[in-house]
There are 2 protein chains.
Amino acid sequence: VSDQTSPRSGETPIVEFVVTGDEVMRGTIADTNTAWCAARLYPLGLRLRRTVVVGDRGEDIRRALLEASARADFCIVSGGLGPTSDDLTVECAAQAAGEPLRLDQGWLDWLRARWAARRKEPMPANNERQALLPETAEIVHNPDGSAPAFTMRIDRCTFFFLPGVPREYQRILAESVVPRLAAAAGQKALRMRVLQCTDISESALDHAVVAIRERHPEVRFGFRTKFPENHLSLAAVADDEASAERNLAVVEEECRRTLGGRVYGADGVTFAQALGLELAARRQTIATAESCTGGLGAELLTEVGGSSAWFVGGLLTYSDELKQRLLDVSAEVLRAHGAVSEPVARAMAEGARLRTGATWAVAITGIAGPTGGTSDKPVGTVWLACSGPHGTTARLLQLRGDRGQIRLASAFGALQLVREGLGLASPAAP
Amino acid sequence: VSDQTSPRSGETPIVEFVVTGDEVMRGTIADTNTAWCAARLYPLGLRLRRTVVVGDRGEDIRRALLEASARADFCIVSGGLGPTSDDLTVECAAQAAGEPLRLDQGWLDWLRARWAARRKEPMPANNERQALLPETAEIVHNPDGSAPAFTMRIDRCTFFFLPGVPREYQRILAESVVPRLAAAAGQKALRMRVLQCTDISESALDHAVVAIRERHPEVRFGFRTKFPENHLSLAAVADDEASAERNLAVVEEECRRTLGGRVYGADGVTFAQALGLELAARRQTIATAESCTGGLGAELLTEVGGSSAWFVGGLLTYSDELKQRLLDVSAEVLRAHGAVSEPVARAMAEGARLRTGATWAVAITGIAGPTGGTSDKPVGTVWLACSGPHGTTARLLQLRGDRGQIRLASAFGALQLVREGLGLASPAAP
């Protein structure tokens with residue numbers, strides 16, 4: 001299909017999206033596919049122009065396809081490829097192109113083999129419907145499902161029809177569609193890296209790298225907030241793989257030098273996972289003692305598969321009584337300073353380390369709101385402590401935001417103390 | 001605007017959505033507004049036909065508005081109302097309608113007052129831009145922000161222009177837009193209830209209420225999965241408030257009777273919140289002892305504001321050693337049965353209840369995967385226990401799904417044991 005994948009004008013290709021399905025139109029399920037796809041196509045330099053969502057109505061689907069066919073070079077269509085009567089996309093594609101349907105014998109064989117491998121009874125006749133395709137359509141293999149992904153041209157536009165199931169959509173897109181569009185965008189090679197940062201705002205991140213960005217127009221910079229993290233994505237586009245690789249490496253190195261310990265990981269690792277990998281490498285362990293975060297710190301750590309190698313456990317002490325009973329915080333210290341105080345945070349961290357025997361123990365005590373604040377200690381006042389082989393450090397946070405944000409920022413702050421204790425970050429980093 | 005809110009044809013009004021913004025088009029942020037809105041408009045019987053997403057390009061926005069104006073009776077537009085140069089929606093609305101902009105003195109006064117209440121320096125001149133509106137636009141008040149929500153007619157269609165910030169969008173929509181559309185849908189009264197269920201699949205839920213649904217065509221039934229919960233929404237539409245209220249009450253009562261303890265709450269309460277309210281009313285408390293869920297159970301409980309009144313604390317014991325040290329599980333029981341076993345779950349719950357002094361203690365020990373399973377105890381094997389005033393109960397779950405789903409279903413299962421202990425649900429419910 002080499003002639004199909006080059007836009008006629010020589011300009012950067014225009015891409016549109018069509019999403020079909022009553023459930024999406026009615027808000028029963030959210031369309032996450034398009035954002036997923038767009039985030040991968042945008043760095044290629046493609047012009048993403050429009051997404052149209054329509055329900056399972058033939059005239060709406062045909063109209064959306066024909067409109068896209070007149071404007072776009074490429075259109076990614078999702079949904080409506082199943083075997084039931086409300087799956088209209090194949091029929092509408094054929095009608096929009098003005099061509100009949102044909103039975104694709106290859107796909108029918110695949111469907112029958114797939115069915116036989118899973119069930120004893122023969123495949124029902126209405127499943128054969130999934131082997132009907134528009135006459136000029138070309139199958140794009142779908143290794144995960146029975147819906148036939150296919151590509152065809154209508155008017156000036158090359159369409160890719162994909163199943164709406166996110167797992168199938170994403171795999172076909174990544175394996176079969178993105179490479180074709182990257183080639184059409186005139187790029188021989190693309191290398192990407194996402195640098196994941198914590199402890200820095202989006203505007204501070206932008207500001208920190210602006211000079212690097214200006215020096216290196218050959219790499220695209222993108223920013224994305226995933227509270228309380230901020231991610232910097234770097235996309236190097238070049239004529240060949242080696243140049244793209246080299247250009248990316250230079251810019252990544254400069255960004256890492258500038259951002260220092262604010263970069264905790266890259267390309268999808270989670271904050272807790274990055275810390276866990278580091279602990280595992282050093283054969284060290286961690287425990288948590290939490291109050292206002294209600295176990296969120298432990299939850300972040302344990303959502304990492306294999307965390308039992310470096311996470312030993314946690315104590316969640318909401319009441320003053322439990323802080324005494326489970327963590328040996330003295331009644332006197334609680335009385336003198338209150339539960340949200342530096343001495344209590346320190347005592348909690350030290351008590352947790354002692355009780356669990358972990359290398360590191362972090363403590364979080366604060367006021368997450370929405371109620372419970374005072375003029376002395378308003379909502380968002382959080383004391384963190386980290387007890388480790390070299391002693392105990394503590395930090396006061398004064399956070400803003402809702403209960404969920406305060407809890408999340410507190411848990412991240414506590415883990416950041418451990419990163420500092422490990423020498424991976426410094427409190428005075430830029 | 002009574003003449004604007006009745007579609008000319010007497011047919012059910014057609015609604016379309018337009019979403020603007022480069023960040024949405026590029027997949028940097030997901031548009032959650034439209035699904036939120038659609039889920040509220042669909043039960044009104046409106047015909048939801050199309051959503052169009054475009055970036056911050058004048059011609060794309062104008063085209064989307066004009067296309068909608070020719071087809072729809074109502075169009076909800078979000079985004080592009082801010083003060084910066086890439087906020088083009090107001091200008092495009094005026095151009096699409098073929099009318100000039102005017103300065104809205106009322107909104108300018110509001111903007112200035114809002115600014116003065118927050119900052120010392122005078123409002124910058126470019127913020128005055130937010131008081132410019134198309135000549136025929138009518139302000140829809142936005143109590144939460146500076147962006148002027150407004151409504152105007154273009155061709156046959158009444159547009160509502162709303163800020164893209166979800167909090168502002170949702171409030172304006174619920175308070176000002178939905179009532180107008182409900183009236184236009186020819187409905188004098190609408191009453192809704194969402195019955196939130198746990199421990200029942202979507203298809204079992206559908207099956208359980210199918211007879212009620214057939215007996216009561218005057219109430220619309222909708223289903224929505226929010227793993228591991230399933231929600232049943234009931235929308236009663238009638239000529240007057242009293243009838244809608246009465247019709248809803250009848251159907252709600254029948255559904256509740258059929259579903260029994262599977263309904264844990266209604267209209268947005270969370271599962272943990274419903275349990276907490278019940279505990280607070282009885283002046284009882286709860287504690288958690290968790291292993292594979294890594295504190296998720298405690299996290300669900302403590303994300304509820306005010307949970308310190310009924311949640312005392314939790315112990316998170318990943319290692320066998322901590323199960324002994326912190327929960328007094330005997331080394332012998334651990335050796336004889338393994339950490340994932342009924343006796344260990346029971347001992348954990350009893351140990352937690354004793355250590356914390358709570359009325360109820362739940363324990364969770366299992367294999368969340370993706371690794372750690374054996375042929376005896378595959379991934380998804382989870383033992384739950386609940387210790388309370390009348391003794392200890394235990395339950396085995398054999399779950400499927402990924403690590404996150406197994407953890408979530410386990411935490412819900414443990415809280416469900418407490419609901420059963422409280423007499424709010426029964427293990428043999430339909």
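Predicted model: local features only at pLDDT ≥ 70, side-chain atom pairs only at ≥ 80, totals over all residues.
A polar contact is a pair of N or O atoms within 3.5 Å, where, within protein, one atom must be able to donate a hydrogen and the other to accept it. By that rule, 32 residue pairs are in polar contact across the interface of chain B and chain A, counting pairs with both residues at pLDDT 80 or more.

**Interface of chain B and chain A**
- The contact draws 56 residues from chain B and 56 residues from chain A, and the area buried between the two chains is about 4400 Å², with carbon and sulfur atoms giving 52% of it.
- Eight salt bridges are counted between chain B and chain A; one of the salt bridges joins the side chains of B:Arg407 and A:Glu299, at 3.1 Å from N to O.

**Relation of the two chains**

**A sheet in chain B**
- Four strands of chain B form an open sheet in the order S10-S11-S9-S12, with antiparallel pairing, and its edge strands, each pairing on one side only, are S10 (219–226) and S12 (263–266).
- Neighbouring strands of this sheet are turned by 25° against each other on average, direction ignored.
- Within the sheet, strand S9 (residues 189–197) and strand S11 (residues 229–238) of chain B pair in the antiparallel sense over nine bridges, and B:Arg191 stands opposite B:Ala236 in S11(B).
- Helix H8 (residues 241–259) of chain B packs on the sheet, where the helix touches S9, S10, S11 and S12 of chain B, and its direction makes about 15° with that of S9(B).

Terms used: Residues numbered from 1 in each chain as written. Chains lettered and ligands numbered in written order. Heavy atoms only, no water. Pairing = 2+ DSSP bridges. Helix = DSSP H or I, 4+ residues; strand = E, 2+ residues; numbered from the N terminus. Axes fitted to C-alpha atoms, helices over the stretch in contact; angles between N-to-C directions. Contact = heavy atoms within 4.5 Å. Buried area = accessible area lost by both parts, 1.4 Å probe. Salt bridge = Lys/Arg side-chain N within 4 Å of Asp/Glu carboxyl O. Polar contact = N/O pair within 3.5 Å; in protein donor to acceptor, adjacent residues only side chain to side chain.
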